[in-house]
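Reader: I would like to go through this model feature by feature. Please give the general idea each time and then the case at hand.

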Amino acid sequence: MIVLIRNKISDNERFIQPFTQSIHSGNPPSGQSKKNMKQRFLKLLPCCHVDSTPTVRQSNIEEDFELATVCYRPDSLEKMMEQTKFSKTELQVLYRSFKNECPSGLVNEETFKIIYSHFFPHGDSSAYAHFLFEAFDRHKNGAVTFEDFVVGLSIILRGTVTDRLSWAFSLYDLNKDGCITKEEMNDIMKSIYDMMGKYTHPCMKDSAPREHVESFFQKMDRNNDGIVTMEEFLESCQKDEAIMESMQMLDHVI
């Protein structure tokens, strides 16, 4: 979920942190930016528009889980607490937000793209939204359920560093064969630049996606065989201070 590509971050961070670049700048976050971090991040997650001062009654939320009149009913709170690292209260608030945006209880890819496009009106976010939808669609059935959503969100926000990096690697490994090729990374980078549109500052050159892919492989492809494996990816990322700082910031999003 990149909002902008910044000059003051490392090239590695650009590639492996689409879900963190939108919530902090290249400089250390101020107190005010930390305060707003949760809302800025959640607003970029389709079906997760949490009010800054929620006034949802506890009894009403419980009724939503027990008596929801939607086409798809989520698993029990207890089961989802076992599957994620969210508390009961956090799951209740997330569910209310999800249901408000997705009354049927399911999100298909077209709806996902429409919701995502609202946050990038000056660009074309459809390709990146497709890749992100694939990452959240655990069962590959063309629909993201509330369980799919919170399991993915739990990994991004509450998982270990290895969990988070593995999720990012899976996002970029488009054909899921266990490695990232230049073609796959080029598709990802092009989708990010298309999503950002032409009104970025400073203005980006047409060659920027290709240049970033080359930089990515120079740093990540340790044995120069033209592909980046999970092992290479994890090792390179864990040695990058900027990436590790980004991971730590995710601990305080929600």
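**Reading helix packing and burial**

Author: Start with a pair of helices: α11 and α12 are roughly perpendicular to each other. This is a predicted model.

Reader: What is the angle between α11 and α12, and how far apart are their axes?

Author: An angle between 65 and 115 degrees counts as roughly perpendicular. Helix α11 (residues 208-220) and helix α12 (residues 230-238) pack at about 90°, and their axes are 9 Å apart.

Reader: Which residues of α11 and α12 meet?

Author: From α11 come Phe 216, Lys 219 and Met 220, and from α12 come Glu 232, Phe 233, Ser 236 and Cys 237. By class, the contact of α11 with α12 has four nonpolar, one polar and two charged residues.

Reader: Take Glu 232 of α12. Is Glu 232 buried or exposed?

Author: Under 20% relative accessible area a residue counts as buried. Glu 232 has a relative accessibility of 8%, so Glu 232 counts as buried.

Reader: What is Glu 232 in contact with, leaving aside its neighbours within four places in sequence?

Author: Its contacts are then Met 220, Asp 221, Arg 222, Asn 223 and Ile 227. For Asp 221, 11 residues apart from Glu 232 along the chain, the separation of the C-alpha atoms is 6.6 Å.

Reader: Where do the axes of α9 and α12 stand relative to each other?

Author: They come within 10 Å and cross at roughly 125°. α9 and α12 are therefore oblique to each other. The crossing is right-handed.

Reader: Which residues of α9 and α12 meet?

Author: On the α9 side they are Val 161, Thr 162, Leu 165, Ser 166, Ala 168 and Phe 169. On the α12 side they are Met 230, Phe 233, Leu 234, Cys 237 and Gln 238. By class, the contact of α9 with α12 has eight nonpolar, three polar and no charged residues.

Reader: Why might residues three or four places apart point the same way?

Author: An α-helix has 3.6 residues a turn, so positions with that spacing point the same way. In this structure, Val 161, Leu 165 and Phe 169 of α9 are among the residues that meet α12.

Reader: How do α8 and α9 pack?

Author: Helix α8 (residues 146-158) and helix α9 (residues 161-172) pack at an angle of about 125°, and 7 Å separates their axes. α8 and α9 are therefore oblique to each other. α8 passes α9 in a left-handed crossing.

Reader: Which residues of α8 and α9 meet?

Author: Gly 152, Ile 155, Ile 156, Leu 157 and Arg 158 belong to α8, and they meet Asp 163, Arg 164 and Trp 167 of α9. By class, the contact of α8 with α9 has four nonpolar, one polar and three charged residues.

Reader: How many disulfides does a search of the whole structure find?

Author: A disulfide needs two cysteine sulfur atoms within 2.5 Å. The search finds zero. Cys 179 is buried, with a relative accessible area of 11%. Cys 237 is buried as well, at 0%.

Reader: Finally, the whole chain. How many helices and strands does the chain have?

Author: The secondary structure comes to 13 helices and four strands. Of the 254 residues, 48% count as buried. Among contacts with a separation of 6 or more, 63% are between residues 24 or more positions apart.

Conventions
Residues are numbered from 1 along each chain as its sequence is written. This is a predicted model: local features need pLDDT of at least 70, side-chain atom pairs count only at pLDDT 80 or more; totals for chains, interfaces and linings use all residues. Side-chain values use heavy atoms; hydrogens and water are left out. Axes are lines fitted to C-alpha atoms, for helices over the stretch in contact, and angles run from 0 to 180 degrees between N-to-C directions. Helices (H or I, at least four residues) and strands (E, at least two) are DSSP runs, numbered from the N terminus. Angles under 35 degrees count as roughly parallel, over 145 as roughly antiparallel, 65 to 115 as roughly perpendicular and the rest as oblique. A crossing is left-handed if the near helix is turned anticlockwise from the far one by less than a right angle, and right-handed if clockwise. Contact means heavy atoms within 4.5 Å. Ala, Val, Leu, Ile, Met, Phe, Trp, Tyr, Cys and Pro count as nonpolar, Asp, Glu, Lys and Arg as charged, and the others, Gly among them, as polar. Buried means under 20% relative accessible area, exposed over 50%, partly exposed in between (1.4 Å probe, protein chains only).
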